[in-house]
Amino acid sequence: MKILVTGGCGFIGSNFLEYMIKKYPDYQFVCLDSLTYAGNTYNISEFKDNPNFTFIKGDITDKNLVEEIFSKYHFNIVVNFAAESHVDNSISNPSLFLKTNIIGTQVLMDACLKYKVERFHQISTDEVYGDLPLDAPDLQFYEDSMLKPSNPYSVSKASADLLVLAYVRTYNLNATISRCSNNYGPHQYIEKLIPMTISRSLSQQKVIVHGDGSSIRDWIYVIDHVKAIDLIIHKGKKGQIYNVGGHIQKTNLEVVHQVLDYLNISKDNILNVEDRKGQDRRYDMNTSKIEAELGWRLSFNFDEELKNTIEWYKNNPEFLKKKKSG
Ligand SMILES: NC(=O)c1ccc[n+]([C@@H]2O[C@H](COP(=O)([O-])OP(=O)(O)OC[C@H]3O[C@@H](n4cnc5c(N)ncnc54)[C@H](O)[C@@H]3O)[C@@H](O)[C@H]2O)c1
């Protein structure tokens, strides 16, 4: 089995590779990553010399390169993690998000059709559904909920999802989509809430909170997401969307407090800044479909894995050093 993993030097892609390379020693993995500011070869250092792993630096929007790689390796499965992923950046530079997240997906799917790849899997997000009100805690997103993305990032992801579904219907591409909530764990770039809070605390800087921090996110440990993807690429059905979520609903402020408490740092170290434009209030995923159809279950505990994540950042100063220097 040969699997192409795009964006494998980023947060979730590198955790996926680490898990899969150990679990499937007979599979071949190729990672295609253009190493934007969010990509980090430190994330693949554990397995970069494994005989069943190959790294190729390149852009998923580069059609010639993508075709060259597909014709050389004859992949069975393609998993597309490559994306511009930070909402704030999408607000200041939407065009890069449209190019990478939509055109990049199209280039990969065209290559899948041309080289007869058996399965294309698109990594998507709960943000395509827009948000839920804070005062209706019972509301959740289902796979057939309306798409109501709020910012250029989530619009680019929703557009890619629609394109994937159109390729299934029009060209009979064997594709699946997973939509996951906020991941946390090792290897995440320091622009995101948890690693930002940890890294700024470790370097005695103020921790930044958007608005009053009352927006609610649903948190999932990255390996629970990785396990869901493993199930979907092996057992998921063509044209299906699977929601993945952690069922841990916390305000951003609660998460920041929990990190500060663990590091024994005063709450006075919080700096409240203007709220993000179009800030989503709350997300919550209904995950009964992937549980019933594929037998997926959550297996990690938030408090425990948050501590382990903080310890990982403390014990891997190389990761932080490399990222701060750009
Ligand atoms: N982080 C989350 O909480 C979360 C939640 C749900 C879904 N997702 C989705 O999961 C995927 C991975 O997210 P992440 O948090 O690991 O992102 P990330 O920003 O950490 O990593 C993205 C990776 O893609 C690479 N990349 C960017 N543009 C590229 C291009 N044009 N060609 C090749 N490589 C390119 C980057 O170098 C980087 O290594 C994204 O599609 C994101 O939308 C993320």
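Two strands pair if DSSP finds at least two bridges between them. Helices (H or I, at least four residues) and strands (E, at least two) are DSSP runs, numbered from the N terminus. This is a predicted model: local features need pLDDT of at least 70, side-chain atom pairs count only at pLDDT 80 or more, and totals for chains, interfaces and linings use all residues. Residues are numbered from 1 along each chain as its sequence is written.

Begin with the open sheet. Three strands build it in the order β7-β9-β11, with mixed pairing. β7 and β11 are the edge strands, each pairing on one side only. Direction ignored, neighbouring strands of this sheet are turned by 50° against each other on average. β7 and β9 run parallel and are joined by three bridges. Here N182 stands opposite W219 in β9.

Now find strand β8, residues 207–210. Which of its residues are buried? β8 runs parallel to strand β12 (residues 270–273), and four bridges join them. I208 stands opposite L271 in β12.

Helix α8 (residues 252–262) comes next. Its buried residues are N252, V255, V256 and V259. They cover an arc of only 100° around the axis, so they sit on the same side of α8. That arc is taken from the directions from the helix axis to the C-beta atoms. An α-helix has 3.6 residues a turn, so residues three or four places apart point the same way. What covers the buried residues of α8? The cover includes α6 (193–202), β8, β9 (216–221), β11 (249–251), β12 and α10 (302–315). Contact here means that the C-beta atoms of two residues, placed from the backbone, lie within 7 Å. α8 lies across β9 and β11, running at about 85° to β11. Axes are lines fitted to C-alpha atoms, for helices over the stretch in contact, and angles run from 0 to 180 degrees between N-to-C directions. Just after α8, N264 takes a positive phi of about 60°.

Two loop residues also have positive phi. H187, in the loop between β7 and α6, has a phi near 80°. H187 counts as buried because it has 23 C-beta neighbours inside 10 Å. Q204, in the loop between α6 and β8, has a phi of about 55°. Q204 counts as exposed because it has 8 such neighbours inside 10 Å.

Finish at the ligand. Of the 30 residues around it, G7, G10, A38, G39 and A83 come nearest. A residue is near a molecule if its C-beta atom, placed from the backbone, lies within 6 Å of it. α1 (11–23) gives the largest share of the shell, three residues. By class, the shell has 12 nonpolar, 14 polar and four charged residues. Ala, Val, Leu, Ile, Met, Phe, Trp, Tyr, Cys and Pro count as nonpolar, Asp, Glu, Lys and Arg as charged, and the others, Gly among them, as polar.

A83 is buried, with 27 other C-beta atoms within 10 Å. Not counting residues up to four places away in sequence, A83 touches G7, T100 and N101.

Key: A residue is buried if 20 or more other C-beta atoms lie within 10 Å of its own, exposed if 12 or fewer, and partly exposed in between; C-beta atoms are placed from the backbone.
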